[in-house]
Amino acid sequence: MAAPRPTSAETNYDAIIIGAGISGMYQLYRLRELGMNVRVLEAGTGVGGTWYWNRYPGARFDSESYSYSYSFSDELLQEWDWSEHFAGQPETLRYLNHVADKFDLRKDIQFRSRVASAHYQEATRSWDVTLEDGSRFNSRLLITAVGPLSAPTMPRIEGVDTFKGQSFHTARWPHEPVTFEGKRIAVIGTGATGVQTIQEVAKTAGQLTVFQRTPNWCAPLHNGKISAEEMAEIRAGYPEMFQRCQETFACFLHTPDPRGTFEVSDQEREAFWEKLYASPGFGIWQGNFRDMLTNREANAAISDFVARKIRQRVKDPKVAEKLIPKNHGFGTRRVPLETRYYEVYNQKNVKLVDISETPIERITPNGIKTSDAEYEFDIIIYATGFDAVTGSFDRIDIRGVDGQRLKDRWKYGPETYLGVMVNGFPNMMMLIGPHMALGNIPRSIEYNVEWVTDLVRYARDHDMTRLEATEAGVTDWTDHVKSLGEGLLSNEVNSWMTGVNSNVEGKQVRIVNRYSGSAPAYRARCDEAAAAGYKELALA
Ligand code: NA7
């Protein structure tokens, strides 16, 4: 883009990318190809984003490892071996470090650099970016690669700071090993993270106590090692596999079955569900009957099937009932995949405390006090989730034209153009921001990055230095995203997917923060906008 501009800040860049996770790394790679001067500002001490921060015990993929790889470099695909169908976090982090090494990405990444503010300057058509340590940068483009699940939230419980033992949020797990042998451990939270943590910690803990507010519908992961022969087959099949991911609803290897739940006989339905329950990965969620998440009777039927499984697996019927969700149906929240999670509650060293019945009153110096008991612990693990999707934006003071704050603009929920831009915030592009197709995230990321890169190239080739979404474009897209959410049972449920977080002021009302149409439809819409010369954007 254009040469350096007059500015008060210390350093000029063509583009600043916030975040060195999967999206930030790939965006850096692509913008470098355009010959741009790019700086990535990353809060952590290493690359990897989600896989850098979430080092909690048992953290692993719920998507098939190979389907989660970057697909843009054949060389990279050919040289990397995955050891398991659903790789653990250390392996994924190694993979992302390998990518950073291979493409020499680190030289443009500045670590230990948490962005505090980004203010648009109309006079220079650029962004002033300031870090928490006060250092300042200026850049023509601001690209957010901050991730939808990266702002961890602690519970708002009295006394959290008074606990004398060790305590950790799962997304801020220490780099040093933590041992559980013989210790008294508490886990608060039973989402996808809590489930992975609980089943791992239960293996060695002296006593594990799980504080559950709402049970989730979990399904077996069925992980397994990948042999050398299997890896060779996977390698040979990459083009077809990635092609399949492009065609499925959410870019997973699984996609909804075209049949309706009640279009088959009772026997066929039961057999289909047995097969899905016995198959690896997200099939039971993403590859189920097409009406599972829209038809109440269909949803009740699959919920009943999974409830029966839980009753079979948990020996104590009272505990089993506590583990069966009553306030939402199967698949209407993100389905945690598990490995012997339910069997954990058959172990003598594990206790389930239902805090919907006996709420936590406070954290004490020695442990946790509920309405009916006081527990002592050596370690408290907070698996209490994230201020999702907009939370990582809220934590940066982002101001657009005339000092308008993005946080204020999104007070009643995000408003975007294709999930990528916002009018009033020129030259800011979001990767995997609100209103984006999430699904199998790296697949969505690659498309998202390539679309942004094409737009940047187009602007450069046409000597344009101010790229802004129009108000009409934002209104249309936001209305479209909201209409796609209508009739989805998941939008009637409180979860991070509907932007509800009991621990964040002002986030108790459900909003539409995700694009819930199909990934192919999303891509078709974005391709159309590009093919039409970005007419829906105001470019100057
Ligand atoms: P989630 O899915 O948001 O789960 C958070 C869990 O923590 C959930 O069980 C919450 O119960 C519980 N929670 C949160 N606050 C409290 C308080 N104050 N007291 C008791 N329990 C609480 O986050 P995860 O990290 O598990 O997963 C997020 C996504 O990351 C996941 O879906 C994957 O896509 C990766 P609640 O249900 O709100 O009653």
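Colleague: Leaving aside its neighbours within four places in sequence, with which residues is Ile226 in contact?
Modeller: The model is predicted, so local features need pLDDT of at least 70 and side-chain atom pairs count only at pLDDT 80 or more, while totals for chains, interfaces and linings use all residues. Residues are numbered from 1 along each chain as its sequence is written, and side-chain values use heavy atoms, with hydrogens and water left out. Contact means heavy atoms within 4.5 Å. With neighbours within four places set aside, the partners of Ile226 are Tyr66, Trp82, Ser83, Glu84, His85, Met231 and Ile234.

Colleague: Is Ile226 buried or exposed?
Modeller: Ile226 is placed in the loop between strand S10 (219–220) and helix H7 (228–236); helices (H or I, at least four residues) and strands (E, at least two) are DSSP runs numbered from the N terminus. Buried means under 20% relative accessible area, exposed over 50%, and partly exposed in between, with a 1.4 Å probe and protein chains only. Because the relative accessible area of Ile226 is 11%, this residue is buried.

Colleague: What is the relative accessible area of Thr364?
Modeller: Thr364 is found in the loop between strand S13 (360–363) and strand S14 (367–370). Beyond four places in sequence, Thr364 is in contact with Thr162, Phe163, Lys369 and Glu374. Thr364 counts as buried because its relative accessible area is 6%.

Colleague: Which helix gives the most to the lining of the largest cavity?
Modeller: On a 1 Å grid over the protein atoms alone, a cavity is a set of points where a 1.4 Å probe fits but cannot get out, and lining residues have an atom within 4 Å of a point. The lining of the largest cavity includes Cys251, Met436, Arg443, Tyr447 and Arg523. Both helix H16 (441–461) and helix H18 (519–531) supply at least two residues. With 4 residues, the leading contributor is H16.

Colleague: What is the volume of the second largest cavity?
Modeller: Its lining consists of Ile22, Phe61, Tyr68, Ser69, Tyr70, Trp82, Thr92, Tyr95 and Leu96, to which helix H5 (residues 89–102) gives the most, with 3 residues. By class, there are 7 nonpolar, 2 polar and no charged residues, where Ala, Val, Leu, Ile, Met, Phe, Trp, Tyr, Cys and Pro count as nonpolar, Asp, Glu, Lys and Arg as charged, and the others, Gly among them, as polar. A volume is the space filled by probe spheres set on the grid points, which are joined across faces, edges and corners. For the second largest cavity, this volume is about 40 Å³.

Colleague: Of the residues that line the second largest pocket, which are the closest to its centre?
Modeller: A pocket is an open set with protein on both sides within 12 Å along at least five of seven lines. The second largest pocket holds about 640 Å³ of space. Of its 33 lining residues, the closest to the centre are Pro57, Gly58, Arg60, Glu200 and Lys203.

Colleague: What is the radius of gyration of the chain?
Modeller: The chain has 18 helices and 20 strands. The globule rule (2.2 Å times the number of residues to the power 0.38, the radius being taken over C-alpha atoms) gives 24 Å for 540 residues, so the chain is as compact as a globular protein of that length, its own radius of gyration being 24 Å.
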